[in-house]
Amino acid sequence: MSLTAAGAISEHTVPSDKALSTSDNSFDRRSNVDADSEEGVLSDERDIATNVISVDDDASLNPWTIRAFFIGLGLSAFGGVLAEIYYFKPQTVTVSLMFLAVVSYILGVSMETFIPRRGFLRYLNPGPFNKKENALVVIMASASANSALGTEILAVQRLYYNITPNAVTSVFLLFSSQLLGYGIGGMMRSILLYPSKMLYPGVLPLLSMFDALYEGGMASRKKLRVFSMVFAAIFFWELFPEWIFPLLTGFSIFCLAAPNNAVVSRVFGGSNGNEGLGLLSICFDWQYISGQVNPMTIPLKAQFSNLLGYIFGTVVFVAIYYNNIWKAQNFPFLSQLLFYENGTQYDQTLILNSNYEVDPTLLAEQGLPYYSSTWVVYLLTQNLASSPNGLGATFTHLLLWNRGDICSAWTWMNPSGIKNIWANFNWKFWQADGMRKQDVDDEDIDPHYRQMLKYPDAPNSWYFVVFLLAFIVALVVLYKTDSTLPWWGFLISLLLATISILFLGTLAAITGLTFTIQTFGQMIGGYIQKGSPVANMYFVLYGYNTVFQAQLLLRDLKIAQYAKLPPRAAFTAQIIGTLLGAVLNYIMMNSIIDNQREILLSVQGTNIWSGQQPQMYNSQAIGWGGLSHELFSTGQRYQWVPWAYVLGLFVPVPFWVIHRYWPKLRADYLYTPIIAYITGYLFSGINSSSLCYFAVAFLSQWWLRTRYPGWFAKYNYIVGAALDGGTQVMVFILSFAVQGAGGVSHPFPTWWGAQKGGNYDHCLLLN
């Protein structure tokens, strides 16, 4: 599993000298600076946002073209299908923004070039394809190109409960769960979007590419030439690790030297899903090196914390397994399923009654299920850390290092703030002109946001209406689907989501980390409604997914701010893309389950298809929703998993104290939530990419950034965009052409580099 799932952490300065102000001064004393460069090392958010990408705006560019919506709808359909394919892959991969941008640029320029500007066709070619059209297309397709969490519930019901929900109800379930976060996140724009410190570093490669594509001059032509060469090279290269020569996914000297050794397979194997830790394996597949976030975008401080977490995690996994903690050796080394004590797969249907609730008598007959020990470590570290599945250390870290930011974010809650909101809220949302009253000469205003003040805003009332409609639909769906989640449980899930959006949204905006609260939500849902795994899944859907969707909305609105796309165009694109994507997610999920059902139910899957995501969701729902008291309460088998939330609150404190009194020790480099999160991150998927991930990251963010800052500012993000774009175009083609996304698969003929019936790296295949 790629460590980039931890996200991209930006270097930035906060109001006081805290941990998150990371100019990396200790590495700025370089001896060999690029002689052609006049730039220094970029340090804070405003430096990055004004030097890496352009601040200029051409107000004459029109995004409201039939061409933009034609391409946007087509790419939204494409992205929605591709995202659902990736959901059933052995490695969690997202649809790259660069990939969507590249394809939309090619289509836009092609329509500009080949479609006549006469007659009816002139509406498809109103003139040169412009930057704002491209941004609108990317935002629409990006909103579609995420696998809706609601499909996870539907997949679990089909795979593990033998339930096929009504199609119309299922689609409205997806609509409501996708849009609730948009409504809440949209009403927090002034806190989580407009300020300069809310950098959203993960989108910088995209905007850098836009500048290269649409700005004139020799420098832009050179960037475009570099982009084209790298894109073409990686496009053709990916044909080898993805189909012809899959051994390149994870080349391990240790596996080749000891192909029949189980210990070697668990520690050094990693080319297949749930094979092993992939220690010292070499990965030549950019799809897995890059994973969810390109390593070329993650600054040095985050790399250091990632590396510490990775080393510690490898030691912990091996120690837990070979010391047989939680009866580890009875079960697979890496797995997300439930097991009987003897290691056979647990049949959850045997403990549920006709209402899909846990029956104590049936449970006594079957006994309590077990998790694999590495999965327990994952749960524990996520709760300790608060990365994508917990809360502990992140809240404390933000309160210690970013207390001023958090306090200012809550100023709207004081009486004068509430009174001001009420006075300025326009209930006649259809009449709102959207013009904002701010001093454009204020030096504290973000330069990009200042340019956006000339355009009518999508006011808070629009986002409130989106929230209200989604809220009503969600309540209807909950009772129409027999979810067993009561209305008050739904309200608690939304309250949890709203609080989390503020805290985790702040951290995501500053660092690029996409945080959610899945495990915490499952724990809360399990304790407030005991013995109801299905209700737990719906509680998590409306709690956890709402946070995730709010973060996606705000990220895409930041793209609009950087690209100077009018806010109302961005709002329209997001709503259309989200609704279309939800429908296509549903259709594609059913197609894949119909064609790959047996593989999705297996422990390891293949290197093409895997059911690890629905397996995790189902196991969590049974564990927390059905058996939280029996498995996780004090005195029970996995009691330390929930206690990790409490411990996590105290983890950052010693490092904050050390940095406060002994700043020269640079304890601010130890970003505790990330270290704890990465400790458990190798629990699933293809893990062979870690070594190459760190190599690329340190090459980019240390060697190039400090020794060749001019080259870094001009080309680092362009190269990263080309690598992602070329890779994902080829992966999409191969998914349908030879890997069975739409039906029959056509694997490459067996040879030494494409071994069938075993692991591609030649490590021992363990049962």
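This is a predicted model: local features need pLDDT of at least 70, side-chain atom pairs count only at pLDDT 80 or more; totals for chains, interfaces and linings use all residues.
Residues are numbered from 1 along each chain as its sequence is written, and side-chain values use heavy atoms, with hydrogens and water left out.

**The chain as a whole**

Colour the chain by accessibility. Of its 767 residues, 62% are buried; buried means under 20% relative accessible area, exposed over 50%, and partly exposed in between (1.4 Å probe, protein chains only). The surface amounts to about 28000 Å², and carbon and sulfur atoms supply 65% of it; these areas come from the Shrake-Rupley method with a 1.4 Å probe, and for residues only the protein chains shown count as cover. Among contacts (heavy atoms within 4.5 Å) with a separation of 6 or more, 80% are between residues 24 or more positions apart.

**The nonpolar cores**

Next, select Phe88, Leu206, Leu207, Met209, Tyr538 and Tyr542. These residues have the most contacts inside the largest nonpolar core, which has 191 residues. Such a core is a set of buried Ala, Val, Leu, Ile, Met, Phe, Trp, Tyr and Cys residues joined through side-chain atoms within 4.5 Å. Helix H24 provides the largest share of this core, 18 residues. A second, separate core has 10 residues, including Trp286, Tyr288, Cys692 and Val719.

Centre the view on phenylalanine 88. Neighbours within four places in sequence aside, phenylalanine 88 is in contact with Ala155, Met589, Ile592, Ile593, Leu600, Ile608, Trp609, Ser610 and Pro614. From there, move to isoleucine 593, in helix H25 (residues 567-601). Isoleucine 593 has a relative accessible area of 1% and is therefore buried. With neighbours within four places again set aside, the contacts of isoleucine 593 are Phe88, Ala155, Arg158, Leu159 and Leu600. Isoleucine 593 and leucine 159 are 434 residues apart in sequence, yet their C-alpha atoms are 7.9 Å apart in space.

**The aromatic pairs**

Now show the side chains of Phe, Tyr and Trp. The structure holds 40 aromatic pairs. Rings of Phe, Tyr and Trp (its six-membered ring) pair if their centres lie within 6.5 Å; planes under 30 degrees apart count as stacked, over 60 as edge-to-face and the rest as tilted.

Select tyrosine 378 and phenylalanine 683. Their ring centres are 3.7 Å apart and their planes stand at 25°, so this pair is stacked. Tyrosine 378 belongs to helix H16 (residues 373-385) and phenylalanine 683 to the loop between helix H30 (672-679) and helix H31 (690-707), so the pair ties together parts that are 305 residues apart in sequence. Tyrosine 378 is buried at a relative accessible area of 6%, and phenylalanine 683 is buried at 3%.

For an edge-to-face pair, select phenylalanine 490 and tyrosine 542, which lie 5.1 Å centre to centre with 85° between the planes. Phenylalanine 490 is in helix H22 (residues 487-511) and tyrosine 542 in helix H24 (residues 533-563), so the pair ties together parts 52 residues apart in sequence. Both phenylalanine 490 and tyrosine 542 are buried.

Then turn to tyrosine 370: arginine 637 lies over its face, at 3.6 Å from the ring centre. A charge sits over a ring if NZ of Lys or CZ of Arg is within 6 Å of the ring centre and within 35 degrees of the ring normal.

**Loops and a helix end**

Finish with the backbone. Most residues other than glycine have a negative phi. Asparagine 274, although not a glycine, has a positive phi of about 55°; asparagine 274 is in the loop between helix H12 (262-268) and helix H13 (286-290) and is buried at 9% relative accessibility. Threonine 484, also not a glycine, has a positive phi of about 70°. Threonine 484 is in the loop between helix H21 (460-480) and H22, and at 28% relative accessibility threonine 484 is partly exposed.

The last stop is proline 165, in the loop between helix H5 (149-160) and helix H6 (167-186). Proline 165 is partly exposed, with a relative accessible area of 21%.

Conventions. Helices (H or I, at least four residues) and strands (E, at least two) are DSSP runs, numbered from the N terminus.
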